[in-house]
Amino acid sequence: MVKNVPTSIKDQFLIEKRRNQMVKGAVTLFKAKGFHRTTTREIAEASGFSIGTLYEYIRKKEDVLFLVCDYIYERVKKRMGQVLDMEKKSVDCLSDAVHSYFRLMDEMQDEVLVMYQEVKALSRDAQEYVLQKERDMVHMLEVVIRNSLPYSIAEKDLKLVANNIFVHGQMWGFRRWLMQKEFTIEEYTEKQIDLLFQSLKISTVGDGGNTN
């Protein structure tokens with residue numbers, strides 16, 4: 001549960017269920033109309049319940065956008081945590097991380113697009129919360145990269161590589177009008193991994209992960 005969004009409901013399972021419904025309904029509306037032109041009544045209808053029920057789980061419309069942002073990063077964190085062994089030192093781990101992250105960005109491209117379009121509507125505190133979530137996700141990639149490389153990497157270079165992976169995953173949705181005409185998600189991912197490994201001067205998976 002997002003602690004920053006109070007609710008009068010005590011059932012945690014119900015809170016998660018209703019808020020997931022809100023996120024899905026809101027994303028569709030925000031994508032079509034934008035945050036400011038969407039009403040809370042429309043969000044309630046798109047979520048499948050009444051306006052009264054909606055206000056049992058949120059205080060104001062901004063809370064719904066906050067939930068959208070939080071939902072995205074919680075899913076990324078959960079997915080990455082499921083596939084990554086943060087202690088394992090292998091090039092395979094880096095490839096697995098990129099594959100998993102890019103697939104999730106493919107699944108959640110509408111949510112990610114809406115979040116970046118509308119995050120400016122959040123309060124300063126909520127924006128900082130979202131930015132911290134993003135920093136946490138990038139840090140997970142930093143750990144994987146450091147563990148995967150057969151050599152030491154400067155801290156600033158590590159951060160740059162991690163941020164490049166993060167942004168390239170999101171680019172699949174941001175520039176889908178172009179990217180998805182040229183590539184499948186699998187092709188796009190493999191191309192990005194090839195470019196990543198070339199820049200890091202490491203062999204492709206299956207070649208032992210040695211430097212070229």
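Predicted model: local features only at pLDDT ≥ 70, side-chain atom pairs only at ≥ 80, totals over all residues.
Residues are numbered from 1 along each chain as its sequence is written, and side-chain values use heavy atoms, without hydrogens and water. Local features need pLDDT of at least 70 and side-chain atom pairs count only at pLDDT 80 or more, whereas totals for chains, interfaces and linings use all residues.

A search of the whole structure finds 9 aromatic pairs, a pair being rings of Phe, Tyr or Trp (its six-membered ring) with centres within 6.5 Å; planes under 30 degrees apart count as stacked, over 60 as edge-to-face and the rest as tilted. The rings of Tyr 101 and Phe 166 have centres 5.5 Å apart and planes at 15°, so this pair is stacked. Helices are DSSP runs (H or I, at least four residues), numbered from the N terminus. Both Tyr 101 and Phe 166 are buried (under 20% relative accessible area, with exposed over 50% and partly exposed in between; 1.4 Å probe, protein chains only). Ring pairs join Tyr 101 and Phe 166 in a cluster with Tyr 73, Phe 102, Trp 172, Phe 183 and Tyr 188.

Tyr 188 is also one of the buried residues of helix α10, which include Ile 185, Ile 193 and Phe 197. Seen down the axis of α10, the buried residues fall within an arc of 160°, so they line one face of the helix (the arc is that of the directions from the helix axis to the C-beta atoms). These residues pack against α5, α8 and α9 (176-182), contact meaning heavy atoms within 4.5 Å. The face turned away from the buried side of α10 carries the exposed residues Leu 195 and Gln 198. Lys 201, with a positive phi near 60°, follows α10.

Definitions and conventions
Helix = DSSP H or I, 4+ residues; strand = E, 2+ residues; numbered from the N terminus.
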